[in-house]
Amino acid sequence: MKIDIEERVFHFKQPAGTSRGVYTERRSWIVRIKEERGKATGRRAELGNERREERDLWCGIGECAPLPDLSCDASPDYGRTLRAFCDMVEQSGQIPYELMRPYPSMLFGLETAFWDLKHQALPPQEAFSIPINGLVWMGTFDEMYQRIEDKLKQGFHCVKLKIGAIDWNREIELIRFIRSNFSKEQIELRVDANGGFTPEDAMRKLEQLAAYDIHSIEQPIRQHQWAEMARLCRETPLPIALDEELIGVNLLQMKAALLDTIRPHYIILKPSLHGGMKGCREWIQLALERGIGSWMTSALESNIGLNAIAHFCAEVYGPDIKMPQGLGTGMLFTDNIPMPLEIRGERLWVKS
């Protein structure tokens with residue numbers, strides 16, 4: 001087994017604004033696990049007493065994509081750390097899960113590469129689709145209004161608004177306008193504050209949002225304020241979902257403590273940020289045991305990561321997913337890697 005690493009930079013078609021800044025490019029490390037295997041035909045040639053099997057080089061591909069200032073494993077020496085873990089995997093043939101818990105984006109990339117390697121030997125899978133929300137990025141009032149119109153024309157019935165970048169009164173005006181034209185039965189509205197509210201003004205803003213039949217709000221205040229977040233979850237007039245709050249909480253007992261303390265209505269899982277596939281399975285199980293809902297989103301990965309998350313999502317939530325997932329990021333880059341993915345209306349189609 002040999003693992004190669006290629007550093008890639010992807011460029012956004014338009015700047016992606018969040019309350020933490022604006023992204024114009026996305027840096028990823030593409031890992032390729034190469035392994036010699038016997039050809040599928042099993043053809044052999046015998047020479048005397050020695051039996052030799054014709055060999056093929058199989059390759060599984062994965063993506064390690066940390067987000068600067070957000071991922072718990074983003075660091076200046078990211079590439080060197082990833083190389084050290086890949087060396088360990090080359091020697092053992094296995095992912096050292098316990099050692100890699102603090103490195104979720106690296107873990108997810110290696111998990112994806114092994115998954116890809118394994119599934120190359122299986123029969124082709126039938127195409128399937130997953131309902132997704134339409135993502136409207138932060139921007140000026142006019143920009144966000146136009147983006148909402150575009151999503152509605154494309155057929156989306158669930159729209160997620162990134163808020164916190166423009167004047168609050170203008171954002172409320174935008175939400176009011178949407179609701180004056182579309183009922184909650186016509187359009188499900190989700191909002192994502194990315195921790196942009198303060199503990200002092202959060203409840204006032206939650207009450208304002210609740211007047212417009214908002215499905216849920218993601219991360220109203222910054223993470224690591226468990227007592228304040230728990231208070232908001234107890235008193236909120238609309239459901240609260242945790243996202244950034246889960247970053248860096250990698251041990252099983254800490255995950256349970258967080259959910260027991262804060263008691264959110266939902267958790268939103270990004271494998272690159274929240275422990276890879278293994279870590280997300282832990283979060284989902286703990287949430288189920290406590291009556292907490294969940295859904296999955298991508299974290300601005302290229303199509304390599306998005307394809308893996310789509311397959312993982314279908315596996316853990318089943319083939320008939322009803323709740324829209326946050327997997328509509330495949331068209332963000334000018335130089336994305338081609339994968340068998342296609343957005344038709346409000347569904348992401350995944351082909352073999």
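## Two sheets in a predicted model

Two strands count as paired if DSSP finds at least two bridges between them. With that in hand, welcome to this structure, which is a predicted model. Four bridges join β6 to strand β15 (residues 347-350), and these two strands run antiparallel.

## The three-stranded sheet

The pair belongs to an open sheet of three strands, ordered β6-β15-β14, with antiparallel pairing. At its edges stand β6 (128-131) and β14 (341-344); each has a single partner strand, so one side of each is left without a neighbour in the sheet. From one strand to the next, the twist averages 25°.

A helix joins the picture here. Helix α10 (residues 303-317) packs on this sheet and touches β6, β14 and β15. The direction of α10 makes about 90° with that of β6.

## The seven-stranded sheet

Now for the other sheet. Seven strands make up an open sheet in the order β7-β8-β9-β10-β11-β12-β13, and here the pairing is parallel. The edge positions go to β7 (134-136) and β13 (293-296), each with a single partner strand, so one side of each is left without a neighbour in the sheet. The twist in this sheet averages 25° from one strand to the next.

Let's look along the sheet. Four bridges link β9 to β10, which run parallel, and D192 stands opposite E218 in β10. Strand β10 is mostly covered, with five of its five residues buried. Further along, two bridges join strand β11 (residues 240-242) to strand β12 (residues 266-269), also a parallel pair. There, L242 has I267 in β12 as its bridge partner.

## Two helices across the strands

Helix α4 (residues 141-154) lies across β7 and β8 (158-162), and runs at about 170° to β7. Helix α5 (residues 168-181) lies across β8, β9 (188-192) and β10 (214-218), running at about 170° to β9.

These helices also meet each other. They pack at an angle of about 25°, with their axes 10 Å apart. Angles under 35 degrees count as roughly parallel, and α4 and α5 are therefore roughly parallel to each other. The crossing in which α4 passes α5 is right-handed.

Which residues in α4 meet R170, E173, L174, F177 and I178 in α5? They are F141, M144, Y145 and I148. The residues of this contact between α4 and α5 divide into seven nonpolar, no polar and two charged.

How values were computed. Residues numbered from 1 in each chain as written. Predicted model: local features only at pLDDT ≥ 70, side-chain atom pairs only at ≥ 80, totals over all residues. Heavy atoms only, no water. Axes fitted to C-alpha atoms, helices over the stretch in contact; angles between N-to-C directions. Contact = heavy atoms within 4.5 Å. Parallel < 35°, antiparallel > 145°, perpendicular 65-115°, else oblique. Left-handed = near helix turned anticlockwise from the far one by under 90°. Nonpolar A, V, L, I, M, F, W, Y, C, P; charged D, E, K, R; others polar. Buried < 20%, exposed > 50% of the residue type's maximum accessible area, 1.4 Å probe, protein only.
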